[in-house]
Amino acid sequence: MTEVIDSALNIEDIAAQFPILNQRVNGVALAYLDNAATTQVPRSVITAMSQFEQHDRANIHRGVHTLSQRATDDFEAARANVKKFLQVPKMHELIFTSGTTDALNMLAQGMTFAISGEPLLRAGDEIVVSGLEHHANLIPWQQAARRTGAVLRIVKPDDQGRLHADDLRKMLSSKTRVFSITACANATGYCPPLKEMLRLAAGAGAMTVVDAAQAVGHGKVDVEDWGCDFLAFSAHKMYGPMGMGGLVGRRSLLERLSPLRFGGDMVDWVTFDDAAFNDIPARLEGGTPNVGGTIGMSAAATFMMNLDRQALATHLAALRAQAVAALQKMDGVRVFVPENSDAEAIVSFVVDGVHPHDIGTFLDEKGVAVRTGHHCAQPLLECLGVGSTTRASFAVYNTHDQIDQLVAGVARAIKVLR
Ligand SMILES: Cc1ncc(COP(=O)(O)O)c(C=O)c1O
């Protein structure tokens, strides 16, 4: 058993708030280490959503009756609370989406045409995307480039999977219209020099976009401090519900983004021939939203705001350091981006002579849930010279004993499978 030395958080009490964690898988206490794919939800989130469904559920904005007004108030209060959690400045607004993928598609596609004036993206513009990205922050830009005749350029990582601000500097010009980058690479846990790169891109006149899908669960997001124009995130990676998330954007730019969903709630008036559209945020939220999801996401934001952010960062770093140190001692194991100063909450590794899928299956038999595969980041893995990895990813409720369980499982897998 490893001594716990890092945490000002009471991990046992926190874990007890997550009903799903209290179970055995294949006869062994569950060690849930697949948090980069999705985190689990605490009782406070489950209760908030269930309260809404049992007491306040009604469609929002259009009703004069009490339930509809309550639901509308809950919905807008959720927006305000999530904005507070993400430190969204006054010049920005939060648009509810079904998650990061939805937010990035809304953004990239919405830039390609305009409901009035010029679209945000045009032929000859350049879109610069980092080479660390999840497919959700790459394919929408590929498609936007194809549709508009813009040029897509990639800031490639080195063979360790790290980005260098100088490579971006050389790529920027007056043609650069968009720069999009993750705050934390989901396949490796690597965190690029985000603020420096955002500053460089903004200095060249580009619109800056941050994929915060991973960072949001690490308690690191601060839109005001980062100074980005747009930020996309998912609730299910910050202890909230699935199918919920948001796009934060600078108001002046959101106003120029074309809606993709035309219909109810996003219009001011409609005739048989024409329509005038509502203001932001409603303009970009056509149709009945996932109101219960917004309430769950807000409860998750409150859960996170009640955690000491520094203590959370220290805890996640200690878990990662323990896993990296133990894995690196094993013969034939390669950990990607091993230094803690460059990465957080995720350990991605390959083992000579054993396929990641076999390691994942073996670990499941030992009650350890990890993810194996390309993690929807195939171009990055190609740069690293591998087709797939085993990825363990950590959350506030994970313990040092669970890292021991992971490490013992990997050691045993190597013995049996190699
Ligand atoms: C960095 C990153 N971006 C985008 C996504 C897509 O998120 P979602 O599936 O919630 O839309 C993920 C999901 O793993 C991710 O890790």
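This is a predicted model: local features need pLDDT of at least 70, side-chain atom pairs count only at pLDDT 80 or more; totals for chains, interfaces and linings use all residues.
## Backbone exceptions

Gln 87 is not a glycine, yet its phi is positive, about 55 degrees. It sits in the loop between α3 (66–86) and β4 (92–97).

Ala 345 is another non-glycine residue with a positive phi, here about 65 degrees. Its loop runs between β13 (333–335) and β14. Ala 345 counts as buried, because 27 C-beta neighbours lie inside 10 Å. A cis peptide bond is found between Ile 280 and Pro 281, with omega about 5 degrees. Pro 281 belongs to the loop between β12 (275–277) and α10.

## Domains and their contact

The protein is split into domain 1, made of residues 11–32 + 308–417, and domain 2, made of residues 46–305. Their C-alpha centres are 29 Å apart. Domain 1 puts 23 residues into the contact, and domain 2 puts in 22 residues.

On the side of domain 1 that touches domain 2, at least two residues come from each of α11 (309–328), β14 and α13 (378–384). α13 gives the largest share of that side, five residues. Sorted by class, the side of domain 1 that touches domain 2 holds 17 nonpolar, three polar and three charged residues.

## The largest nonpolar core

The largest nonpolar core has 123 residues. Within it, Leu 107, Ala 212 and Ala 300 touch the most other members. Helix α10 (residues 291–305) provides the largest share of this core, eight residues. Both domain 1 (11–32 + 308–417) and domain 2 (46–305) contribute to the core, with at least three residues from each.

What does Leu 107 touch, not counting residues up to four places away in sequence? With those left out, Leu 107 touches Val 209, Phe 230, Leu 247 and Leu 257.

## Helix α12

Helix α12 spans residues 356–365, and its buried residues are Pro 356, Ile 359, Gly 360 and Leu 363. These residues are on the same side of α12, because they cover an arc of only 100 degrees around the axis. An α-helix has 3.6 residues a turn, so residues three or four places apart point the same way.

The cover over the buried residues of α12 includes the strands β14 (346–351), β15 (368–369), β16 (371–373) and β17 (389–393). Helix α14 (400–417) is also part of that cover. After α12 comes Gly 367, which has a positive phi near 80 degrees.

## Surroundings of the ligand

Which residues surround the ligand? The shell consists of Gly 99, Thr 100, Thr 101, His 134, Ala 136, Asn 137, Thr 182, Asn 186, Asp 211, Ala 213, Gln 214 and Ser 234. By class, the shell around the ligand has two nonpolar residues, nine polar residues and one charged residue.

Conventions: Residues are numbered from 1 along each chain as its sequence is written. A residue is near a molecule or strand if its C-beta atom, placed from the backbone, lies within 6 Å of it. Ala, Val, Leu, Ile, Met, Phe, Trp, Tyr, Cys and Pro count as nonpolar, Asp, Glu, Lys and Arg as charged, and the others, Gly among them, as polar. A residue is buried if 20 or more other C-beta atoms lie within 10 Å of its own, exposed if 12 or fewer, and partly exposed in between; C-beta atoms are placed from the backbone. Helices (H or I, at least four residues) and strands (E, at least two) are DSSP runs, numbered from the N terminus. The arc is that of the directions from the helix axis to the C-beta atoms. Two residues are in contact if their C-beta atoms, placed from the backbone, lie within 7 Å. Domain bounds come from an automatic or database domain assignment. A nonpolar core is a set of buried Ala, Val, Leu, Ile, Met, Phe, Trp, Tyr and Cys residues joined through C-beta atoms within 7 Å.
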